[in-house]
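Turn to the structure below and keep it in view as you read. We will follow the chain strand by strand, and then look at the spaces inside.

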Amino acid sequence: MKNIVLFFLLFCAGSLMAQSNGPAHVIKTNPFGLFLGQYQLGYEHALFDNLSVQVSAGMISGELTATDSNSVELITASRSGFIVIPEVRFYPGKKACEGFYLASVARFRSESVDINDVPWYTRNAMGAALVFGYQYYGDGVMVDVFLGPQFKNVKTDWFDDSFSEEEPLFNGGNGVRFGVNIGFGWADY
C-alpha cells in the first residue's frame, strides 16, 4: 500500500512539473494493427520535462474461413486474446512526449485459437524491448515511430495435452520491435 501511495504522489508531482509548451498527455493507436485483428489504445503521460510513462492495452480477435471451389465451408479458425504494453520513455531533448526518445518496454500477449469451435492452442508471450523512437507533434496530431531489439519467452499449449511448446528467452521469438502509432496530444492548462 505504501508503494501505491508513493507512486501516486510521484505521478501527481510529475504532472505539475511537466512542461507546459508541449503535450503532457497523448492518446494513440496502432493503425496497422486494425488490419491484423489487433485493436489497441495507448495513453502516454509526461511525468517530468524529459520522462514519460505509457501503457497500451488491447484485444485480439478475428476469424478466417476456408472454402473449397464450390464455396463449401471447410474450416473456420477464430482467435481471441489481449495485449498489454507498459513502457517508460526518456526524451533527451527535455520535451517529454515530443521528439527523439529511448524507451524500456515490457509486453504481455495472450492468444487462443479455435478451429471449427474446438480449442486448438493458447499462446502466451512475455518479453521486453529497448526501442529508439521519434514522436512528432503538430497541431495536436501525434505520429510515433519506433524501432529496437526485443526479447521474449513464448509458450504454446496445444489442445492435445501430450505436448507443449516453449521458446526460451534467448532462443525464440526474438528480433526487432517496430511500430507506428497515431493519435492526438494536449497540454495541461
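Two strands count as paired if DSSP finds at least two bridges between them. Keep that rule in mind for the hairpins below.

Start with confidence. This is a predicted model. The mean pLDDT of the protein is 84. Of its residues, 81% reach 70 or more. Where is confidence lowest, and where is it highest? The lowest value belongs to helix H1, residues 2–17, with a mean of 44. The highest belongs to strand E1, residues 25–29, at 96. Residues 1–20 stay under 50 in pLDDT. For this stretch the model has 20 contacts beyond four places in sequence. Read the start of the chain with that score in mind.

Begin with strand E3 (51–67) and strand E4 (73–90). E3 and E4 are antiparallel partners, with 17 bridges. E3 and E4 form a hairpin, and five residues lie between them. In that turn sits Ser71, whose phi is positive, at about 65 degrees.

Move on to strand E5 (99–115). E4 and E5 pair over 12 bridges, again in the antiparallel sense. Val84 turns up here too, standing opposite Phe108 in E5.

Strand E6 covers residues 118–138. How many bridges join E5 and E6? There are 17, and the two strands pair in the antiparallel sense. Leu102 has Phe132 in E6 as its bridge partner. E5 and E6 also form a hairpin, with two residues between them. Asn116 in this turn has a positive phi of about 50 degrees.

Next comes strand E9, residues 175–186. Which strands pair with E9? One partner is strand E7, residues 141–158. E7 and E9 are antiparallel and share 10 bridges. Look for Val145, which stands opposite Val180 in E9. Another partner is E1. Five bridges join E1 to E9, and these strands also run antiparallel. Here Val26 has Gly185 in E9 as its bridge partner.

E1 and E7 are linked in another way. Side chains of opposite charge can pair when their charged atoms come close. Asp144 and Lys28 form a salt bridge, at 3.2 Å from N to O. Asp144 is in strand E7 and Lys28 is in strand E1, so the pair links distant parts of the chain, 116 residues apart. The salt bridges in the model number nine.

Now look for empty space. Rolling a probe the size of a water molecule over the atoms shows where empty space is left. The largest pocket has a volume of about 370 Å³. How many residues line the largest pocket? The lining has 22 residues, and Asn30, Gln38, Gln40, Arg177 and Phe178 lie nearest the centre. Elements that give two or more residues to this lining include strand E2 (38–48), E3, E4 and E5. E7 and E9 are also on that list. E9 gives the largest share, six residues. By class, the pocket lining has eight nonpolar, nine polar and five charged residues.

The largest cavity has a volume of about 50 Å³. Among the residues that line it are Arg107, Met126, Gln150, Phe151 and Lys152. E6 and E7 are the elements that give two or more residues to this lining. E6 gives the most, with five residues. The cavity lining divides into five nonpolar, two polar and two charged residues.

Terms used
Residues are numbered from 1 along each chain as its sequence is written. This is a predicted model: local features need pLDDT of at least 70, side-chain atom pairs count only at pLDDT 80 or more; totals for chains, interfaces and linings use all residues. Side-chain values use heavy atoms; hydrogens and water are left out. pLDDT is the predictor's confidence in each residue, from 0 to 100. Helices (H or I, at least four residues) and strands (E, at least two) are DSSP runs, numbered from the N terminus. Contact means heavy atoms within 4.5 Å. On a 1 Å grid over the protein atoms alone, a cavity is a set of points where a 1.4 Å probe fits but cannot get out, and a pocket is an open set with protein on both sides within 12 Å along at least five of seven lines; lining residues have an atom within 4 Å of a point. Grid points are joined across faces, edges and corners, and a volume is the space filled by probe spheres set on the points. Ala, Val, Leu, Ile, Met, Phe, Trp, Tyr, Cys and Pro count as nonpolar, Asp, Glu, Lys and Arg as charged, and the others, Gly among them, as polar. A salt bridge is a side-chain nitrogen of Lys or Arg within 4 Å of a carboxyl oxygen of Asp or Glu.
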